[in-house]
Structure formats: structure tokens, C-alpha cells
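Colleague: I'd like to learn how to read a model like this one, feature by feature. Could you take me through it?

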Amino acid sequence: MDSQRISDLLPLVWEGFVVILQLTFWAGIIALSLGLVIAITIRSAPKPVTVPLFWFTEFIRNTPLLVQALFVYIFVSRIELIEGFMTPFVTGAIVLGVHYACYCSEAYRAGIDGIPKGQWEAITAISLPKSRAWIDILIPQMMRRCTPALGNYMIAMFKEVPILFAIGVFEMIAQIQRYTGLSFAGHVEGYTLAGLLFLAISYPLAVSMRKLENRLARAHG
């Protein structure tokens, strides 16, 4: 590998990597909050609401993220009212967030199902308001069970951000491709740097999630 090319590429790759971190942050907020709303709605809303919502999540989880990103990007670009607001970054954050919200909702659902039946009966017996039951009792218990799974989804989402290169998000891969397109060199150096940066973030997180998962498994017997 050429050290001069590495020196040239490093600031560009880092600039693109910051975009990936920002996208992961915003998409993560959407995924975690929307996923919780979906899980609670499917659990407690009437069938006319839960059935379409269930099929929506199935559709999102069973179609490729790339197809969803391209579809939404092309669709919103034809709506003049929101065209200016829906930049590739915003579109990418929303698509990625909604995509992973559908996965997170399953993790939340598993956490809800793991709450002992006696807890539900006690809530009914004392006529606790639904909102207070969810906030004070159910969500804290559910989070203890589903946090490792949610963490793993966040790591997976972080690694999928470069797919949004296809809709014009100028992240790390786009920076490398622009450099290699202009200089006709630097492919090996650029993608090696990209791989090392992803590894530096995702590996410690994956190990932490594994340790947390083991600790929670021991705690719940």
C-alpha cells in the first residue's frame, strides 16, 4: 500500500465516516422510538389498526433496504412540496430508521411477551391506567430483556449505512469512489481504511452486547 495515498485518503474517509455516524445516530433514534410505538400498538390496539400495521412491518422486513431507499428517494423527488427538505441525508435517515424500527418492534415484542403473566393480572386487578402501567412497570422490565437485541440491530444498521450511497448520501464509500475516480488509484488503501474504521467501532460494541446478553441471561436464570 502507498503511504502517500493513505495520507491523502484519510481525511476524506474520516469525513465520510462522520456522515455515517450522524446517519446512524438519527436513524437509531427513529428506529428505537418508532419500533416501541409499533410494538405497543400491535399489542394493545384494535384489529383494524394492528392487522395493517403487522403487514406493513412484514413488507418492510422482507424487502431489501436498497430497494426501499431508491423507491422513497425517487418518490419524494417528484413531490415539489417536500423535495427541498428531503435531501439524500434526510431521506436515508428516515428509510433506515423505519426499516430497523420494524426489526426493533420484534425485539420489543419479545421483551413484552417475556413479562410474567402475574404482572399483567396485577395491573388489571388494581385498575392501573394503561399509560402508567406501560411507563412505570412494563417498559422498564421489557427493556432489560430486549436491550442486547436492540444493540445488535443498531450495530447492523451502522454497517448498512453505506448502502445509502446509492441515493446520493456522500458518506465514506462515496468519498473513496470520488478519490479513486479522479486518481485512478487508491482502491486498496481506501477500502482498507473503511474496513478498519468499521471494525474499530462495531467490534467493541458487539463484544459489549455479548457480555450484556450473558449477564442478563445469568440474572434471569
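Colleague: In what order do the elements of the chain run from the N terminus on?

Modeller: They run α-α-α-α-α-α-α-α-α, with nine helices and zero strands in the chain. Helices (H or I, at least four residues) and strands (E, at least two) are DSSP runs, numbered from the N terminus. Before we go on, a word on the source: this is a predicted model, where local features need pLDDT of at least 70 and side-chain atom pairs count only at pLDDT 80 or more, while totals for chains, interfaces and linings use all residues. Residues are numbered from 1 along each chain as its sequence is written, and side-chain values use heavy atoms, with hydrogens and water left out.

Colleague: What box do the C-alpha atoms of the chain fill, and what share of the residues counts as buried?

Modeller: Taken along the principal axes, the box is roughly 70 × 50 × 25 Å. For burial, the cut-offs are under 20% relative accessible area for buried, over 50% for exposed and in between for partly exposed (1.4 Å probe, protein chains only). By that rule, 38% of the 221 residues of the chain count as buried.

Colleague: Now pockets, please. What is the volume of the largest pocket?

Modeller: The general idea comes first: rolling a probe the size of a water molecule over the atoms shows where empty space is left. On a 1 Å grid over the protein atoms alone, a cavity is a set of points where a 1.4 Å probe fits but cannot get out, whereas a pocket is an open set with protein on both sides within 12 Å along at least five of seven lines; lining residues have an atom within 4 Å of a point. Points are joined across faces, edges and corners, and the volume is the space filled by probe spheres set on them. Here the largest pocket has a volume of about 290 Å³. It is lined by 13 residues, and Phe59, Ile60, Gln68, Phe71 and Val72 are the closest to its centre.

Colleague: Which helices supply that lining, and how do its residues divide by type?

Modeller: Helix H2 (47–61), helix H3 (65–76) and helix H5 (88–113) each supply at least two residues, and H3 gives the most, with five. For the types, Ala, Val, Leu, Ile, Met, Phe, Trp, Tyr, Cys and Pro count as nonpolar, Asp, Glu, Lys and Arg as charged, and the others, Gly among them, as polar. The lining then has 10 nonpolar, three polar and no charged residues.

Colleague: Which residues form a nonpolar patch on the surface?

Modeller: Patches are made of residues with over 30% relative accessible area and no salt bridge, joining like charges within 9 Å and nonpolar side chains (Val, Leu, Ile, Met, Phe, Trp, Tyr) within 5 Å. The areas come from the Shrake-Rupley method with a 1.4 Å probe, and for residues only the protein chains shown count as cover. In this model, Ile42, Val51, Phe54 and Trp55 form such a patch, with about 380 Å² of accessible area together. H2 has the largest share, three residues. Ile42 lies in helix H1 (residues 3–44) and is partly exposed, at 31% relative accessible area.

Colleague: How many salt bridges does the structure hold?

Modeller: Six. A salt bridge is a side-chain nitrogen of Lys or Arg within 4 Å of a carboxyl oxygen of Asp or Glu. In one of them Glu189 pairs with Arg5, the closest N and O atoms being 3.8 Å apart. This pair links distant parts of the chain, with Glu189 in helix H9 (residues 187–219) and Arg5 in helix H1, 184 residues apart. Glu189 is buried at 6% relative accessibility, while Arg5 is partly exposed at 29%.

Colleague: Why does the salt bridge of Arg43 and Asp113 tie together separate parts of the sequence?

Modeller: The side chains of Arg43 and Asp113 meet at 2.9 Å, N to O. Arg43 lies in helix H1 and Asp113 in helix H5, so the pair ties together parts that are 70 residues apart in sequence. Arg43, Glu106, Arg109 and Asp113 are linked in a network of salt bridges.

Colleague: What separates Asp136 and Arg132 in helix H7?

Modeller: About one helical turn, because Asp136 and Arg132 are four residues apart in helix H7 (residues 130–160). Their salt bridge has its closest N and O atoms 3.2 Å apart.
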